[in-house]
Amino acid sequence: MAETDSRYWKRHARRYDRATLFLNRRFGAMADRVAESIRGSQRVLEIAAGTGLVTARIAHAVDSLVATDRSPEMLAILRARKTAEGLTNVEVEEGDALALGFPDGSFDGVVIANLLHLLSDPGQALDEARRVLGSGGLLAAPTFCHGETPVSQIVSRLLGLTGFRVVTRFAGGALRQLLSHHGFTVQEEALFPGLLPIRLIVARARAVRAGREEKLPQKPQPVGDDQE
Ligand SMILES: C[S@@+](CC[C@H](N)C(=O)[O-])C[C@H]1O[C@@H](n2cnc3c(N)ncnc32)[C@H](O)[C@@H]1O
């Protein structure tokens, strides 16, 4: 039986970076692409920042970054990284993706990296992200897609033996559809291949006015594998 999420991250925090960079060797390129997507944003929230692998590569692109996670053990490593790498525009806070402690419209960018596949209700996290983003705010959601290839499906099952619990094995357009269903207009999409591929989706929050969603113009972007 899988461990509860908090016990898993407590036990595996110290091994997380090495395992993650092994499971996707394009992780750094993915994080750099996130940085480009949100470049110039003023106040960015990172949800489920973990040990800060993404944080450290995106902080330079924005004015200020609030990095949150629910696991104190993961955050301890993130705090050490903040000090070691001099990430002076990063604030670190404990926080739950499903109940963000920030007012509506308090950020112009949100990054939620590698969390949606772990949640029983990823839509609730997206609704929260949209709430704290103003209308037109930018969301970057790179997500491990365990269902993407036959190899990733096997790796995913092997990970399950270590107590790692994946709720959704995303594949193909499923992640895009989830974001679209929760009020985001997809602007950019790229797949970073690996033992566990990561699909990055960048999207803008649609406004809700009197119960009707505003349609934002969609910037045409190539959809497909990132092979740089
Ligand atoms: C796969 S790690 C991703 C970490 C980081 N974003 C990255 O890409 O390297 C998942 C993280 O989600 C955190 N997490 C799980 N459920 C959460 C929740 N409900 N709210 C906030 N963080 C959560 C875990 O503590 C863990 O740090």
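## Terms and model

A nonpolar core is a set of buried Ala, Val, Leu, Ile, Met, Phe, Trp, Tyr and Cys residues joined through C-beta atoms within 7 Å, where a residue counts as buried if 20 or more other C-beta atoms, placed from the backbone, lie within 10 Å of its own. The model is predicted, so that local features need pLDDT of at least 70 and side-chain atom pairs count only at pLDDT 80 or more, whereas totals for chains, interfaces and linings use all residues. Residues are numbered from 1 along each chain as its sequence is written.

## Overall fold and core

The protein has 8 helices and 11 strands, taken as DSSP runs (H or I, at least four residues, for helices; E, at least two, for strands) numbered from the N terminus. Of its 228 residues, 42% are buried.

The largest nonpolar core comprises 60 residues, and those with the most contacts inside it are Val110, Val111, Ile112 and Leu139. Strand E8 gives the most to this core, with 6 residues. Leaving aside residues up to four places away in sequence, Leu139 touches Val110, Ile112, Ala129, Leu133, Phe184, Ala203 and Ala205, a contact being a pair of C-beta atoms, placed from the backbone, within 7 Å.

## Helix H6

Helix H6 spans residues 122–132, and its buried residues are Pro122, Ala125, Leu126, Glu128, Ala129, Arg130 and Val132. These buried residues pack against strands E1 (43–47), E4 (107–112), E5 (133–140), E7 (184–192) and E8 (198–205), and against helix H8 (174–181).

Conventions. Buried ≥ 20, exposed ≤ 12 C-beta atoms within 10 Å, placed from the backbone. Contact = placed C-beta atoms within 7 Å.
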